[in-house]
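Reader: I have just opened this one and would like to go through it with you. Could we start with the charged side chains?

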Amino acid sequence: MKKVEAIIKPFKLDEVREGLAEAGVTGLTVTEVKGFGRQRGHTELYRGAEYVVDFLPKTKVEMIVADADVERVVEAIVKAARTGKIGDGKIFVSNVEQVVRIRTGETGESAI
């Protein structure tokens, strides 16, 4: 099993969710986060005063998938989240040792 985490632009969430549903993902977790990479921050003008926004709003989407589904899930995220501009985000894939469904006690891939 693998954990797939994607940091995307907030306005791309609906497209990513739809793409993941088509790829067979049945559950995911979404978190509003802030951060920056190469995009860095930017300056904004508010009531005549200029200020720097260091951390930009992003959306983090997390899911656990079977090893066989990882490539399809990553491709779905890339296809849905890409704008071609800086700040499109990143995808991280890591190993998951164990999953337990609390309600039933199921473990492993049956708990996904």
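Reader: Is Arg101 buried or exposed, or something in between?
Author: Arg101 is partly exposed, with a relative accessible area of 27%, where buried means under 20%, exposed over 50% and partly exposed in between, using a 1.4 Å probe and protein chains only. This is a predicted model, in which local features need pLDDT of at least 70 and side-chain atom pairs count only at pLDDT 80 or more, while totals for chains, interfaces and linings use all residues. Residues are numbered from 1 along each chain as its sequence is written, and side-chain values use heavy atoms, with hydrogens and water left out.

Reader: Which residue does Arg101 form a salt bridge with?
Author: Its partner is Glu106, with the closest N and O atoms 2.9 Å apart; a salt bridge here is a side-chain nitrogen of Lys or Arg within 4 Å of a carboxyl oxygen of Asp or Glu. Glu106 is partly exposed as well, at 31%.

Reader: How many salt bridges are there by this rule?
Author: The count comes to seven. One of them joins Lys3 and Glu62, whose closest N and O atoms are 3.1 Å apart. That pair links distant parts of the chain, 59 residues apart, with Lys3 in strand 1 (residues 2-8) and Glu62 in strand 5 (residues 56-65); strands are DSSP runs of E, at least two residues, numbered from the N terminus.

Reader: And Glu62, is that buried or exposed?
Author: Glu62 is buried, at 16% relative accessible area, whereas Lys3 counts as partly exposed at 26%.

Reader: Changing topic, what does Lys12 meet in a salt bridge?
Author: The side chain of Lys12 meets that of Glu15, at 3.2 Å from N to O. Lys12 is buried at 10%, and Glu15 is partly exposed at 38%.

Note on methods
Helices (H or I, at least four residues) and strands (E, at least two) are DSSP runs, numbered from the N terminus.
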